[in-house]
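Visitor: I would like to learn how to read a model like this one, feature by feature. Could you take me through it?

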Amino acid sequence: MHEASLARAIIASVSEALDERHIDPRRVRRIHLAIGELAQVDVESLEFAFGFAVEESSLRTSSLVIASVPAVLACTQCGSRNLYSAEFFFTCPLCQGACVVEAGKEFDVVGLDLDDAELDDDSGHFVRSACCAVEGVVT
């Protein structure tokens with residue numbers, strides 16, 4: 001199950017980006033992912049693996065929010081753009097030319113929702129809990 005290694009890679013990548021920006025990982029509430037239709041990731045397995053992996057990390061208060069990215073194919077002959085269909089299997093439905101994948105292979109961390117809070121250093125508890133989104137923190 002490669003989803004377990006993907007879950008650990010997400011945690012490592014986000015943790016590294018937070019360290020670089022001096023952001024306390026306890027502030028992360030949600031990690032937003034974009035996963036392409038052709039990325040060969042079982043989303044349910046990834047969520048399951050992340051649940052276990054995150055418990056052993058400084059991001060244990062966070063969860064995943066996953067957006068699916070549809071596969072878009074571009075024809076190399078007529079230039080049309082079409083959603084992937086197993087029926088056409090990388091062949092243009094208009095001219096039967098060869099198609100290349102334009103979108104749908106993504107596996108990206110696209111943003112984080114941070115708790116906009118001041119930490120109480122003594123107890124580690126949050127004083128306020130309004131959330132703010134931080135787009136593009138990890139690319």
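Visitor: Which residues does N82 touch, not counting residues up to four places away in sequence?

Guide: A contact means heavy atoms within 4.5 Å. By that rule N82 touches A71, V72, L73, C92 and P93, leaving out residues up to four places away in sequence. A word on the source: this is a predicted model, where local features need pLDDT of at least 70 and side-chain atom pairs count only at pLDDT 80 or more, while totals for chains, interfaces and linings use all residues. Residues are numbered from 1 along each chain as its sequence is written, and side-chain values use heavy atoms, with hydrogens and water left out.

Visitor: Where is N82 found, and what is joined to its side chain by a polar contact?

Guide: N82 is found in strand β4. Helices (H or I, at least four residues) and strands (E, at least two) are DSSP runs, numbered from the N terminus. A polar contact is a pair of N or O atoms within 3.5 Å; within protein, one must be able to donate a hydrogen and the other to accept it, and residues adjacent in sequence count only if both atoms are side-chain atoms. Here such a contact, of 3.1 Å, joins the side chains of N82 and S80.

Visitor: What is the strand order of the open sheet of three strands?

Guide: Start from pairing: two strands pair if DSSP finds at least two bridges between them. In this open sheet the order is β4-β3-β5, and the pairing is antiparallel. β4 (81-83) and β5 (99-103) each have a single partner strand and stand at the edges, so one side of each has no neighbour in the sheet. From one strand to the next, the twist averages 35°; the axes behind it are lines fitted to C-alpha atoms, for helices over the stretch in contact, and angles run from 0 to 180 degrees between N-to-C directions. Strand β3 (residues 72-75) is joined to β4 by three bridges, and L73 has N82 as its bridge partner in β4.

Visitor: How many helices and strands does the protein have?

Guide: There are two helices and seven strands, in the pattern α-β-α-β-β-β-β-β-β along the sequence.

Visitor: How do I read one face of a helix?

Guide: An α-helix has 3.6 residues a turn, so residues three or four places apart point the same way. You also need burial: buried means under 20% relative accessible area, exposed over 50%, partly exposed in between (1.4 Å probe, protein chains only). In α1, the buried residues are E3, L6, A7, I10, I11, V14, S15, A17 and L18. Seen down the axis of α1, they fall within an arc of 170°, so they line one face of the helix; the arc is that of the directions from the helix axis to the C-beta atoms. R8, D19 and E20 are the exposed residues on the face turned away from that buried side. The cover over the buried residues of α1 includes β1, α2 and β6.

Visitor: Which residues does I10 touch, not counting residues up to four places away in sequence?

Guide: I10, in helix α1 (residues 3-20), touches I31, L33, L46, F50, F107 and V109 on that count. I10 counts as buried because its relative accessibility is 3%. F107 is 97 residues from I10 in sequence, yet their C-alpha atoms are 9.9 Å apart in space.

Visitor: Which residues of α2 are buried, and which are exposed on its other side?

Guide: S45, L46, A49, F50, A53 and V54 are the buried ones. Seen down the axis of α2, they fall within an arc of 150°, so they too line one face of the helix. E44, F48 and F52 are exposed on the other side. At the start of α2, a side-chain oxygen of D42 comes to within 3.1 Å of the backbone nitrogen of E44.

Visitor: With which side chain does D113 make a polar contact?

Guide: The partner is the side chain of R30, at 2.7 Å. D113 is found in strand β6 and is buried, with a relative accessible area of 10%.
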